[in-house]
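Dear colleague,

Please find below the structure that I am handing over for your records. My findings follow directly after it.

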Amino acid sequence: MSRTNETIVLVGFMGTGKSSVSRLLARQLQLPCIDLDAEIERQQGRTIRELFADFGEEAFREVEGQVLSQVLESDGGKIIATGGGAVLREQNRKAMLQHGWVIALTADAEKIVDRVKNDTSRPLLQGNVEQRVTALLEERRHAYDFVHHTVDTTRLTSEEVAAQILGMKEQRQ
């Protein structure tokens, strides 16, 4: 597949496959892959969990928005996997739409719980994982309504999700 200047932004709740699908797309499209959480950790010299613990969610969301803007405004096409909460701020949603083709990955609550239940690095999942996932999904029910396309990953492998996105991309051209 040939190189493109288009930026693809993957959004979605934690555990929907953003990181794994972004790596596959980047490889197939020969584009750089940027995991927003990893970029935040690199720039801040701390883990997401430490940032939440030391400064709180609001301060983390501020940093997240700044790093997202930097990444989106950098030259050339790229594949960006955002953190699950990057869509919570209006300015982030506007920036994503302005600079990229935005695709939401979704999955049902049971599948998400199964995918994230053993991940201790997620600060928003402290306590009862099933209850937290259900509550957060309800809070964010309309947070992904702004996107160009949605792919339900519940019953798909990462490879199948990437193939669907590539198929949609070909139809756009």
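Helices H3 and H4 are oblique to each other, a class that takes in every angle that is not under 35 degrees (roughly parallel), over 145 (roughly antiparallel) or 65 to 115 (roughly perpendicular). Helix H3 covers residues 48-55 and helix H4 residues 57-73; the two pack at an angle of about 130°, with their axes 7 Å apart. Axes here are lines fitted to C-alpha atoms, for helices over the stretch in contact, and angles run from 0 to 180 degrees between N-to-C directions. From H3, Ile48, Leu51, Phe52 and Phe55 meet Glu57, Ala59, Phe60 and Arg61 of H4, where contact means heavy atoms within 4.5 Å. The residues of this contact of H3 with H4 comprise 6 nonpolar, no polar and 2 charged. In this division Ala, Val, Leu, Ile, Met, Phe, Trp, Tyr, Cys and Pro count as nonpolar, Asp, Glu, Lys and Arg as charged, and the others, Gly among them, as polar.

Please note that this is a predicted model, in which local features need pLDDT of at least 70 and side-chain atom pairs count only at pLDDT 80 or more, while totals for chains, interfaces and linings use all residues. Residues are numbered from 1 along each chain as its sequence is written, and side-chain values use heavy atoms, with hydrogens and water left out.

As to the overall architecture, the chain holds 8 helices and 5 strands. Helices (H or I, at least four residues) and strands (E, at least two) are DSSP runs, numbered from the N terminus. Read from the N terminus, the elements follow the order β-α-β-α-α-α-β-α-β-α-α-β-α. The C-alpha atoms fill a box of roughly 45 × 35 × 25 Å along the principal axes.

The 5 strands form an open sheet with parallel pairing, in the order E2-E3-E1-E4-E5. Two strands pair if DSSP finds at least two bridges between them. Strands E2 (33-35) and E5 (149-152) stand at the edges with a single partner strand each, so one side of each is left without a neighbour in the sheet. On average, neighbouring strands are turned by 20° against each other, direction ignored. Strand E1 (residues 8-12) pairs with strand E3 (residues 79-81) in the parallel sense over 3 bridges, and Val9 stands opposite Ile80 in E3. Helix H2 (residues 36-44) lies across E2 and E3, running at about 70° to E2.

H4 and helix H5 (residues 90-99) pack at an angle of about 10°, with axes 10 Å apart, which makes H4 roughly parallel to H5. Gly65, Leu68, Leu72 and Glu73 of H4 make this contact with Asn92, Ala95, Met96 and His99 of H5.

The axes of helix H1 (residues 18-29) and helix H8 (residues 158-172) come within 9 Å and cross at roughly 55°, so H1 is oblique to H8.

With kind regards
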